[in-house]
Amino acid sequence: MIGVVYCELYLYSPQSLKEKRSITKSLITRLKQRFNVSVSEIGYQDVWQRCELAIVTVASDKTVAEKELGRAMALVDSTPELERTVTSYEWL
């Protein structure tokens, strides 16, 4: 089972693309280190205060994939520099 989460994020503080990259790279690194997921920034690369991430996991069962993605979303939600606005799940 492959689980994909597409989430749009609103970043509060960046005043440049460099600041935005710093925040998003930090989040992506933490997600990859703590969970069995792959993460990529897939949208809004040229916008300072918006970001779209795709977070993917592969598991033998849908419930295992849901738990892993749920823990990843909890980490995203606990990041004080940003807010998750739109989230969609896809199962393959």
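Predicted model: local features only at pLDDT ≥ 70, side-chain atom pairs only at ≥ 80, totals over all residues.
Trainee: Hi! Where is threonine 79 found?
Mentor: Threonine 79 is in the loop between helix H2 (62-77) and strand S4 (82-91).

Trainee: And is threonine 79 buried or exposed?
Mentor: Threonine 79 counts as buried because its relative accessible area is 3%, and the cut-off for buried is under 20%.

Trainee: OK, what lies 3.0 Å from a polar atom of its side chain?
Mentor: That would be the backbone oxygen of leucine 75.

Trainee: Which residues is threonine 79 in contact with, leaving aside neighbours within four places in sequence?
Mentor: With those neighbours set aside, threonine 79 touches Leu27 and Arg30.

Trainee: Switching topic: where does glutamate 52 sit?
Mentor: Glutamate 52 belongs to strand S3, which covers residues 50-58.

Trainee: What is the nearest side chain of opposite charge to glutamate 52, and how far away is it?
Mentor: It's arginine 50, 7.3 Å away. Glutamate 52 is buried and has no salt bridge.

Trainee: So what is glutamate 52 in contact with, beyond its neighbours within four places in sequence?
Mentor: The contacts include Tyr6, Cys7 and Glu8. Also among them are Ser40, Glu41, Ile42, Gly43 and Tyr44.

Trainee: Last one, the surface. Which residues form a nonpolar patch there?
Mentor: Ile2, Val58 and Leu92 do, with about 270 Å² of accessible area together.

Trainee: Where is isoleucine 2 found, and why is it called partly exposed?
Mentor: Isoleucine 2 is in strand S1 (residues 2-11). It is called partly exposed because its relative accessible area is 33%, and that label covers values between the 20% and 50% cut-offs.

Note on methods
Residues numbered from 1 in each chain as written. Heavy atoms only, no water. Patch = residues over 30% accessible without salt bridge, like charges linked within 9 Å, V, L, I, M, F, W, Y side chains within 5 Å. Areas by Shrake-Rupley, 256 points an atom, 1.4 Å probe, with all protein chains shown as cover. Salt bridge = Lys/Arg side-chain N within 4 Å of Asp/Glu carboxyl O. Helix = DSSP H or I, 4+ residues; strand = E, 2+ residues; numbered from the N terminus. Buried < 20%, exposed > 50% of the residue type's maximum accessible area, 1.4 Å probe, protein only. Lys, Arg positive; Asp, Glu negative; His and termini not counted. Contact = heavy atoms within 4.5 Å. Polar contact = N/O pair within 3.5 Å; in protein donor to acceptor, adjacent residues only side chain to side chain.
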